[in-house]
Amino acid sequence: MVFSDPVIGTSQCTINESIHYVGIGLHSGHKVSMNLHPAPPNSGICFVRNDVEPDQALIKASWRNVVDTTLCTVLGNDHGVTISTVEHLLDALRGCGVDNLLIETSSDEIPILDGSSAPIVNLIKKAGVISQRVSRYGIWIDSPIEVRQGERYSILKPSPVPRITVEIDFPNAAIGSQSVTVDLLDDVFETEIASARTFGFANELEQLREQGLALGGSMRNAVLLDDDGVVNPEGLRFADEFARHKILDCIGDLALADAPIFGHLHSHKPGHRLNNALLRELFAHKDAWTRLSFDEINRRIARSENSFVTQVKKWAWAGR
Ligand SMILES: [Zn+2]
């Protein structure tokens with residue numbers, strides 16, 4: 001990582017060299033080959049499916065292109081070509097401050113790896129994140145945006161610090177009620193969130209497999225729960241790993257916004273559908289936010305009442 005670059009944080013970033021890895025799709029069970037390549041400024045995150053016709057292969061990572069949120073976040077293009085389970089990879093990219101990237105994939109599902117985004121974060125750190133010397137922009141929340149789906153809700157509120165609060169409540173005794181708030185500053189993303197794994201329930205796993213889903217699912221890529229609690233012999237990485245993984249999913253899904261969001265996300269029982277609905281609501285209300293350069297965001301943070309705290313810290317978004 002380029003820790004000493006004075007313009008990193010206010011400039012767009014990509015990776016220093018291409019990254020190759022192979023993994024298994026959680027639902028398809030297929031082996032997937034991945035190549036992550038540096039991409040030019042202002043190109044954003046783009047997926048290219050190598051197993052379809054080249055003129056139909058490009059899928060832009062955008063909230064506008066979300067076509068399904070049932071079990072994971074699925075993106076699609078006008079040709080009906082899709083790429084699924086993008087949220088953990090997008091989480092790693094946002095957490096590492098990667099704005100522009102071309103992602104080649106050999107199949108329709110991003111590999112699940114260990115069920116968290118830590119393996120990708122480690123690959124990105126190894127490759128390095130570099131400044132592209134072109135201004136980076138953020139979305140500054142000016143007034144609250146709220147969406148509700150039954151008992152679930154999400155609110156984006158003004159806050160100079162990127163902050164996420166997640167509350168979950170599951171009948172399983174190993175989870176129960178959990179609430180976690182994180183300020184995504186310094187290395188909090190990497191140390192507190194990136195390694196939190198996805199989770200599933202043994203009884204649901206059997207049902208999913210009967211439907212031809214979760215075929216790649218195992219205790220190597222998820223925390224498995226039954227009525228007695230956590231089945232994985234290694235146990236949990238955090239006592240509240242479940243809520244932390246929901247934060248990870250929120251970061252990944254909100255990375256589909258047009259730029260990093262500066263606000264406080266408060267989400268009660270979040271899910272991929274709720275996360276996408278929040279972005280659609282946000283971009284339908286242009287009076288609720290302002291697109292600002294990171295230089296201007298720096299100035300606003302310096303003026304805010306807790307400037308002493310925030311000035312000496314660095315957002316997880318900035319890429320370090
Ligand atoms: Zn997830």
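I started with Asp 183 and found its place in strand S15, which covers residues 176-183. A reminder to myself: this is a predicted model.

I then looked up its contacts, leaving aside neighbours within four places in sequence, and noted Val 161, Arg 163 and Val 188. I also checked Asp 183 against Asp 295: they are 112 residues apart in sequence and 20 Å apart in space, C-alpha to C-alpha.

The largest nonpolar core has 71 residues, and Leu 93 and Ile 247 have the most contacts inside it. Helix H5 (residues 241-254) gives the largest share of this core, 7 residues. I was pleased to see that the core draws at least three residues from each of domain 1 (11-135) and domain 2 (137-318).

Which residues does Ile 247 touch, beyond its neighbours within four places in sequence? I listed Ile 164, Val 166, Val 180, Val 182 and Ile 193.

Last, I stepped back to the whole protein. I counted 8 helices and 21 strands. The radius of gyration is 19 Å, close to the 20 Å that the globule rule gives for 320 residues, so the protein is as compact as a globular protein of that length. Its C-alpha atoms fill a box of roughly 55 × 45 × 35 Å along the principal axes. Buried residues make up 43% of the 320. Of the contacts between residues at least 6 apart in sequence, 75% join residues at least 24 apart.

Key
Residues numbered from 1 in each chain as written. Predicted model: local features only at pLDDT ≥ 70, side-chain atom pairs only at ≥ 80, totals over all residues. Core = buried A, V, L, I, M, F, W, Y, C linked by C-beta atoms within 7 Å. Buried ≥ 20, exposed ≤ 12 C-beta atoms within 10 Å, placed from the backbone. Helix = DSSP H or I, 4+ residues; strand = E, 2+ residues; numbered from the N terminus. Domains from an automatic or database assignment. Contact = placed C-beta atoms within 7 Å. Rg over C-alpha atoms; globule rule 2.2 N^0.38 Å.
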